[in-house]
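Please keep the sequence and the model open while reading.

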Amino acid sequence: MLKHLLSSVSTRREFVADSVRGAAALIAFGTLPARRDDSPWHARAYPFTLGVASGDPAPDGFVAWTRLAPDPIRGGGMPSRPVPVRWEIAADDAFRRLVKRGEALALPDLAHSVHVEVSGLLPAREYFYRFVAGGDVSPAGRAITAPALGASNAELKFAFVSCQHYEHGYYTAFRHLTADNVDLVVHLGDYIYEYGIAKDAPPAIRRHDGDEIISLAQYRNRYALYKSDADLQSAHASAPFIVTWDDHEVENNYAATLSGKGESPQLFLSRRAAAYQAYYEHLPLRRSSVPDPNAGMRLYRRLPYGTLAAFNVLDERQYRSDQPCGDGRKPRCAEALDPNRVMLGKEQERWLLDGLAGSNARWNFLANQVVMGDNMLRRPDEAVDTYPLDTWNGYVAERQRILDFLGTRRASNPVVLTGDIHVSIAMDLRADWANRSAPNVAIELVGTSISSGGDGQQMPEWGRWTLGGNPHMKYFDGRRGYVRVNVSRERLTADYRVVPLVTLPGGNVETAASFVVEDGRAALIKS
């Protein structure tokens, strides 16, 4: 594979750079091509095969997304020219009460995706949206605007998810999440997986569309494959998503400009630029997140929900120092304790702490990709403690700075929402991990995967070892699912929703455990 990559790097690098620069130039300031072909366009097949989505809700609107792709996993099947797309916003799902309408151009440089930043709507209201192009009408989506800034809103219901490996199982959890009728969904990363077709365990339930992806065309096809799933489309259409990425949107265990597989920086940056553009093209993100091939992609951001809640969306891949001690799970070396090592980078860390210090929200959520709490594991045949060093356990000093800040109580009710690890965990975050009587400064809710890892087990052997060695952990479950969170001014309730299997379609969902956190108390209460 590496030999193949090296042989094609020059052509691929030029293609990716030209594509990304073209897209950025077209939309960074809302500009459009100087010339436009106004001749009628009619799709050879239905163009809305990837559904619709909304995202990043604000008090006056949201992002409405779609992509025209009549032949989705073979390049899209669109002409190499802009195509006009009409959009409509209604106060009812029958679209009898239209409140906004307009036209956008689906640009070939952005894979004919459309990101409409709807504004001028009323706060805390339910709206419906759809698109029309080439004589066809898209499915309708539902979105809810955020409460007005400073509004004393009483409740919020959301879910958070991560890790949806297409080959490992069906997206049954998304079907049940859709039925939960939440106000929004937070996606914490690993929206796609970059691997080629699986050749070993767990057996592939569904097949990827080819070899490991490296080019912009391949990343686009992989997103199209994943987004062709009906349950994922239903979840997107049911509520706005707040999204961030982890590593598999580019390459497993990459760190900033460093490949996880040792590829040259020049080669890897070309691949990363392609991956970042495809990510933007397929998710409901604002123009502020348009990728720049030279400067990366601004993904960390803050979304307020009145005075009840605020979401601090983190990016823990683009700015991090390389994983310490050779990566993997092993004893901590001195490198993991180095105060100069960062997960967020200095600018993002300062942004996070300044935002928390100035927050007037009752509940302050950190949309966080990898486990923050101490996660020690010592197997019976091991003499020393080991830690997963790809997580915050490999970035001890920066984690401690954040926990010390949270301990000052300058941010009300901090709650860390985490994905990545393919299991469900609920834990207290302590001010000092070496002192079991140290006070809690926050709580962390770790959600399992949608499908990654296959069916899973309720309590695998390593789960018992993990719970036994980490007394701050209150819960562990190795099955698939999501976490549903209900927030009021007095308390937070987290329901761990699990499905029995993902290797067959269908199946029921159950609430395996529920925890309550009371306002002003950083402690998990089993309900």
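A network of salt bridges links E212, E251, K261, E263 and R271. The model is predicted. Across the structure there are 30 salt bridges. Side chains of opposite charge can pair when their charged atoms come close.

- E263 and R271 join through their side chains in a salt bridge, with an N to O distance of 3.5 Å.
- That distance falls inside the cut-off of 4 Å, so the pair qualifies as a salt bridge.
- E263 is buried, because its relative accessibility of 8% is under the 20% limit.
- R271 is buried as well, at 1% relative accessibility.

**The pair R332 and D374**

- R332 and D374 form a salt bridge, and their closest N and O atoms are 3.0 Å apart.
- The two residues sit in distant parts of the chain, 42 residues apart.
- R332 belongs to the loop between strand 14 (329-330) and helix 6 (346-357).
- D374 belongs to the loop between strand 15 (363-368) and strand 16 (387-388).
- R332 is partly exposed, with 27% relative accessibility.
- D374 is buried, with a relative accessible area of 10%.

**The pair E126 and R142**

- A salt bridge connects the side chains of E126 and R142 at 2.6 Å, N to O.
- R142 is buried, at 11% relative accessibility.

- Where does F128 lie? F128 is part of strand 6, which covers residues 126-133.
- Is F128 buried or exposed? F128 is buried, because its relative accessible area is 12%, under the 20% limit.
- Leaving aside residues up to four places away in sequence, F128 touches E88, I89, A90, A91, D92, D93, F95, G141 and R142.
- F128 and A237 are 109 residues apart along the chain, and their C-alpha atoms are separated by 9.3 Å.

Notes:
Residues numbered from 1 in each chain as written. Predicted model: local features only at pLDDT ≥ 70, side-chain atom pairs only at ≥ 80, totals over all residues. Heavy atoms only, no water. Helix = DSSP H or I, 4+ residues; strand = E, 2+ residues; numbered from the N terminus. Buried < 20%, exposed > 50% of the residue type's maximum accessible area, 1.4 Å probe, protein only. Contact = heavy atoms within 4.5 Å.
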